[in-house]
Amino acid sequence: MMNMFLLSLGLVGGLVIGAEGWLRLRFGLGTPLTYVAHDTIGYLLSPGQEVRRFGNRIRINQYSMRGNEIAVTPDPATLRILMLGDSIVNGGWWTAQERTLSALLEAVLTRPLAPVAPEARFAPPGSTKQPVEVLNASANSWGPRNELAYIEAFGTFHAQLLILVINTDDLFATAPTAVQVGRDRNYPAHRPGSALQEVITRYLVRPTSIPELEAVRAEGGDRVGKNLAAIGQIRDRIHADQGEFLLAMTPLLREVAPASPRDYEQQARQRLVALTQAEAIPYVDFLPVFNAQPQPQDLYRDHIHLSAAGNQLVVQHLVAVLEEASYLPGLSP
């Protein structure tokens, strides 16, 4: 009887250890990205992380950016671009490091350049290749007020160009808060004790509501107006640091053909366009760009996040816009 018990115990233990190893190696479970609270930003990805989730490598640098560690001040010959955004810029667990918007843009812009005119703003006269860094300051569910707070806390890192990428939902984003850190399973403050524990807590246990978060989500007043004001302040900050500004917005899946946007979304979009026109803010609306594609639905992985094809199209169009605006003269196609 004792031998049977020990055999059963060993079998169960072996199955648990095997399952744990398989979940870690196959899916990267047990090592989720963690978050830290911040007084003004709300929350940040914990700095100095590197994990592999569902086959995708994710690296977070010392400034909670998605990417390698950086120097605060770039080399004088380097074009530094700061991309600021939410999960669309960040890419999340579903996007490998080299396929994020920032990495794709950097890869395109580091191609050899044609000879550059002396009046070029970003490339030294006569250069044949422009060293480029595209920084990625982002986190899931950030809105313009989180993004403004980030550059107020950390600065603009001497970027010559700041590209703020928002989506239609961001116009309704609530005020920054840290209440979800360590309490919402999507914003863990610590790693679980095991991959099996993560499976149970993340996928099998029904999440509980967070009353304080529900109160934040019920924020009243002119939420759109607050976010538009934050966009203007981000523009002002990069201009104060002698950099250029570009605003880009991707649509929700329901906004592309066949379109069924909600009335309040259309009204918010109109307010954004009015702001960009009144204040001469360079603005790229990706809605007509997406609608010009034969199958715009293929640009999405869900109702809001972009597929690999969507990321490629966004980068391709951004480069064309930057060339046309003479931000990047001489760039080879």
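# Exercises on a predicted model

**Exercise 1.** Describe the second largest pocket by its volume, its lining residues and the elements that supply them.

*Solution.* The volume comes to about 360 Å³. The lining of this pocket has 19 residues, of which R66, G67, N68, E106 and V134 are the closest to the centre. Strand 4 (56-60), helix 3 (101-109) and strand 6 (132-138) are the elements that each give two or more residues to the lining, and the largest share, four residues, comes from strand 6. By class, the lining holds five nonpolar, seven polar and seven charged residues.

**Exercise 2.** Identify the residues with the most contacts inside the largest nonpolar core, and follow the surroundings of M65.

*Solution.* The largest nonpolar core has 44 residues, and M65, Y150, L164 and F245 have the most contacts inside it. Helix 7 (residues 223-240) gives the most to this core, namely six residues. Leaving aside residues up to four places away in sequence, M65 touches R59, I60, I70, L82, L135, N136, A137, Y150 and F157. A second, separate core has 35 residues, including V134, V289, L318 and V319; V134 was also met above among the residues closest to the centre of the second largest pocket.

**Exercise 3.** Decide whether Q180 is buried or exposed, and place Q180 in the chain.

*Solution.* Q180 is found in the loop between strand 7 (161-167) and helix 5 (195-204). Because its relative accessible area is 7%, which is under the 20% cut-off, Q180 counts as buried. Beyond four places in sequence, Q180 touches Y43, Y187, I210 and L213.

**Exercise 4.** Find where pLDDT stays under 50, and state how those stretches should be read.

*Solution.* The protein chain has a mean pLDDT of 89, with 88% of its residues at 70 or more. Over residues 122-128 pLDDT stays under 50, and the model has 19 contacts for them beyond four places in sequence; over residues 329-333 pLDDT likewise stays under 50, with 13 such contacts. Where pLDDT is low, the predicted coordinates should not be read in detail.

Notes: Residues are numbered from 1 along each chain as its sequence is written. This is a predicted model: local features need pLDDT of at least 70, side-chain atom pairs count only at pLDDT 80 or more; totals for chains, interfaces and linings use all residues. Side-chain values use heavy atoms; hydrogens and water are left out. On a 1 Å grid over the protein atoms alone, a cavity is a set of points where a 1.4 Å probe fits but cannot get out, and a pocket is an open set with protein on both sides within 12 Å along at least five of seven lines; lining residues have an atom within 4 Å of a point. Grid points are joined across faces, edges and corners, and a volume is the space filled by probe spheres set on the points. Ala, Val, Leu, Ile, Met, Phe, Trp, Tyr, Cys and Pro count as nonpolar, Asp, Glu, Lys and Arg as charged, and the others, Gly among them, as polar. A nonpolar core is a set of buried Ala, Val, Leu, Ile, Met, Phe, Trp, Tyr and Cys residues joined through side-chain atoms within 4.5 Å. Buried means under 20% relative accessible area, exposed over 50%, partly exposed in between (1.4 Å probe, protein chains only). Contact means heavy atoms within 4.5 Å. pLDDT is the predictor's confidence in each residue, from 0 to 100.
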